[in-house]
Amino acid sequence: MQRERRSRDRQDRNRRGKEEWSGKRRNRKWKRVRQAGGKGAAAHGKRADVTVVIPNFEGEKYIGPCLESLFSGSMAPEVIVVDNGSRDGSVAWMERWMERRRRKGLAVCRLVRFPENRGFCAAVNEGIRLAQTEYVILLNNDTQADRDFVKNLYQAIRKRKDAFSVGAKILSFGDKGTIDDAGDLYCALGWAFALGKGKKRTRYGREARIFAACACAAIYRKDVFDTIGYFDENHFAYLEDIDVGYRARIFGYENYYTPDAIVYHVGSAVTGSRHNAFKVRLTARNGIYLVYKNMPPLQAFLNLPWLAAGIGIKALFFLKKGLGKAYVKGLADGFRLCLSLPGREKRIPFHKESFGSYVRIQLELWLNMLRRITG
């Protein structure tokens with residue numbers, strides 16, 4: 001009896017020891033998870049599948065809700081914020097926000113600071129180069145992402161092997177029932193325009209091929225940048241997403257739109273209005289440069305009547321809005337940029353292997369012109 005009792009006691013001690021050891025292991029594991037950042041792939045010692053790059057300039061009012069929406073999503077990404085020399089307190093706010101999250105054991109973003117405003121293109125290029133993932137999402141700081149925004153963009157690009165980019169369904173933050181952008185098109189008039197702008201959110205409910213993804217909220221296959229080049233910093237801002245999408249098309253890649261990835265966009269958070277002298281001048285400059293960069297001489301000559309008509313129509317439009325002078329100055333800036341050494345160095349040389357791509361693009365430019373005219 002005593003022998004049996006001693007045997008049972010020994011078994012009980014072994015069992016209790018195993019339970020205590022298991023409990024300590026669980027506690028240590030939980031502690032490691034909290035130290036790594038809490039919720040998300042990185043928090044569990046795994047590398048994230050996608051990186052979100054947010055360019056920030058004077059975004060103190062918007063950056064908090066933007067970051068919170070990402071970190072509360074269903075798929076946790078790595079997040080890199082590149083600040084363009086902000087002086088409004090947004091950097092100080094992010095530093096305090098990250099410190100609070102660290103104390104709670106939650107994931108934080110990586111903050112990169114430029115001493116001055118180097119423009120949208122320089123900021124996102126820095127973030128893309130720093131990203132360690134196969135896919136990179138660009139996201140404006142004046143946005144709030146839907147819970148499944150990252151996951152649905154990631155799934156959309158993975159299933160399309162020919163995709164360079166996939167754009168999200170961008171809704172107006174002020175009127176969440178209205179579309180702000182459902183993919184960007186470019187036409188023979190030299191105009192870029194957003195599909196669905198101002199229409200009900202129930203429209204554009206199917207995935208589609210587009211000319212270029214709006215860089216306000218889009219995912220990109222990172223290694224393609226090594227082939228076609230990064231965002232052209234000569235643009236500074238505006239039409240840079242059309243340019244990089246155009247280049248991708250020349251090299252045989254495609255751009256898509258998915259309605260499943262939703263983001264809410266304030267719009268014109270930095271410039272303050274849809275039409276202003278700064279934006280009009282820069283857009284006019286970049287419009288000329290975009291044609292020079294991407295169209296071979298024969299294609300540019302073929303489109304010359306339409307391009308001239310597009311310039312004339314816009315000149316009248318901005319003249320009525322009191323912005324005619326800014327538009328004309330922008331056109332002059334564009335021609336000067338094309339003749340400059342930095343502009344000439346970025347021009348895409350014609351390769352006969354891309355002839356089929358040029359033909360498809362030209363047909364699309366004419367088709368998109370009809371779509372723009374007919375509404």
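**Close-up views of a predicted model**

**View 1. Helix α7 meets helix α12.** Tyr246, Arg249 and Ile250 of α7 touch Ser357, Tyr358, Ile361, Glu364 and Leu365 of α12. Contact means heavy atoms within 4.5 Å. Helices are DSSP runs (H or I, at least four residues), numbered from the N terminus. The model is predicted: local features need pLDDT of at least 70, side-chain atom pairs count only at pLDDT 80 or more, and totals for chains, interfaces and linings use all residues. Residues are numbered from 1 along each chain as its sequence is written, and side-chain values use heavy atoms, with hydrogens and water left out. The axes of α7 and α12 lie 8 Å apart, at an angle of about 135 degrees. Axes are lines fitted to C-alpha atoms, for helices over the stretch in contact, and angles run from 0 to 180 degrees between N-to-C directions. The two helices are therefore oblique to each other. Angles under 35 degrees count as roughly parallel, over 145 as roughly antiparallel, 65 to 115 as roughly perpendicular and the rest as oblique. Residues of this contact split into five nonpolar, one polar and two charged. Here Ala, Val, Leu, Ile, Met, Phe, Trp, Tyr, Cys and Pro count as nonpolar, Asp, Glu, Lys and Arg as charged, and the others, Gly among them, as polar.

**View 2. Helix α9 beside helix α12.** The axes of α9 (residues 297-320) and α12 (residues 355-374) come within 12 Å and cross at roughly 5 degrees. That makes α9 roughly parallel to α12. From α9, the contact uses Gln299, Leu302, Asn303 and Trp306. From α12, Tyr358, Ile361, Gln362, Leu365, Trp366 and Met369 take part. Seven of the residues in this contact are nonpolar, three are polar and none is charged.

**View 3. Asp232 in its loop.** Asp232 sits in the loop between α6 (222-228) and α7 (240-250). Asp232 counts as buried because its relative accessibility is 1%. Buried means under 20% relative accessible area, exposed over 50%, partly exposed in between (1.4 Å probe, protein chains only). A polar atom of the Asp232 side chain lies 2.9 Å from the backbone nitrogen of Asn234. Leaving out residues up to four places away in sequence, Asp232 touches Cys121, Asp243, Arg247, Tyr289, Lys293 and Lys346.

View 4. A disulfide is counted when two cysteine sulfur atoms lie within 2.5 Å. By this rule the count is zero. Cys216 is in no disulfide; its nearest cysteine sulfur, that of Cys214, is 4.9 Å away. Cys216 is buried, at 5% relative accessibility. Cys338 is buried too, at 8%.

Note on methods. Polar contact = N/O pair within 3.5 Å; in protein donor to acceptor, adjacent residues only side chain to side chain.
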